[in-house]
Amino acid sequence: MTDHRNISTDEGLKDNERMEQAILSLQQNPTQEMLAHALTVVRRRMQAHGQLIVAVEPPVGNQQMRLQAIQTDDGKKWWAAFTSFDEELKGGGSVMSTFLTDMEKLFVSALSVDEIEGVIINPWNRTLMLDKNLIRIIRG
């Protein structure tokens, strides 16, 4: 039997709803146990070569394409990543150029860029802010 819901979903995004559900559970019950559960679900998706959608800024001059950063109220910059195209569209702002990226590669890059604090998964709705410490925990 075929699951028709996933026909239009990119292969790398297929099981990301598990992350969305874990994040929702954490939002509803913000405990250390629920945080540990959410991080475990993210780790499993990363280990299964799951992907996230990232927004990019168009290159200026001879520069390379750069991941779009969002700034929080405290002035810190974070990369935004989305578990699905539906989550990306919830921002409702300007149309973004996006591409799919491997979760582990994104996390490794985030650890190496001094200008950002980490990665925010789904900044508009089922949000999980992964600072560099949490990224290190996820990566093991």
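These are my notebook entries on a predicted model of one protein chain.

**Ground rules.** I number residues from 1 along each chain as its sequence is written. In this predicted model, local features need pLDDT of at least 70 and side-chain atom pairs pLDDT 80 or more, while totals for chains, interfaces and linings use all residues; side-chain values use heavy atoms, without hydrogens and water.

**Fold.** I looked up the secondary structure first. The chain has five helices and seven strands. I took these as DSSP runs, numbered from the N terminus (helices H or I, at least four residues; strands E, at least two). The order along the sequence is α-α-β-β-β-β-α-β-α-β-β-α.

**Overall size.** The radius of gyration, taken over C-alpha atoms, was next. The rule for a globule is 2.2 Å times the number of residues to the power 0.38. For 140 residues a compact globule would come near 14 Å; the chain has 15 Å, which agrees. The C-alpha atoms fill a box of roughly 50 × 35 × 30 Å along the principal axes.

**Contacts and burial.** I counted a contact as heavy atoms within 4.5 Å. Of contacts between residues at least 6 apart in sequence, 68% join residues at least 24 apart. Buried residues are 36% of the 140. My classes use relative accessible area: buried under 20%, exposed over 50%, partly exposed in between (1.4 Å probe, protein chains only).

**Core.** Which residues touch the most other members of the largest nonpolar core? They are F107, V119 and L130, in a core of 26 residues. Elements giving two or more residues to this core include α1 (16-28), β1 (51-57) and β7 (128-131). The largest share, six residues, comes from α2. A nonpolar core here is a set of buried Ala, Val, Leu, Ile, Met, Phe, Trp, Tyr and Cys residues joined through side-chain atoms within 4.5 Å.

**V56.** This residue is in strand β1. Buried or exposed? V56 is buried, because its relative accessible area is 7%. Beyond four places in sequence, V56 touches M65, R66, L67, Q68, S97, T98 and F99.

**Salt bridge.** My search of the whole structure found one. E104 pairs with R139, with the closest N and O atoms 3.4 Å apart. E104 is in helix α4 and R139 in helix α5, 35 residues apart. The cut-off is a side-chain nitrogen of Lys or Arg within 4 Å of a carboxyl oxygen of Asp or Glu. E104 counts as partly exposed at 30% relative accessibility, and R139 as partly exposed at 35%.
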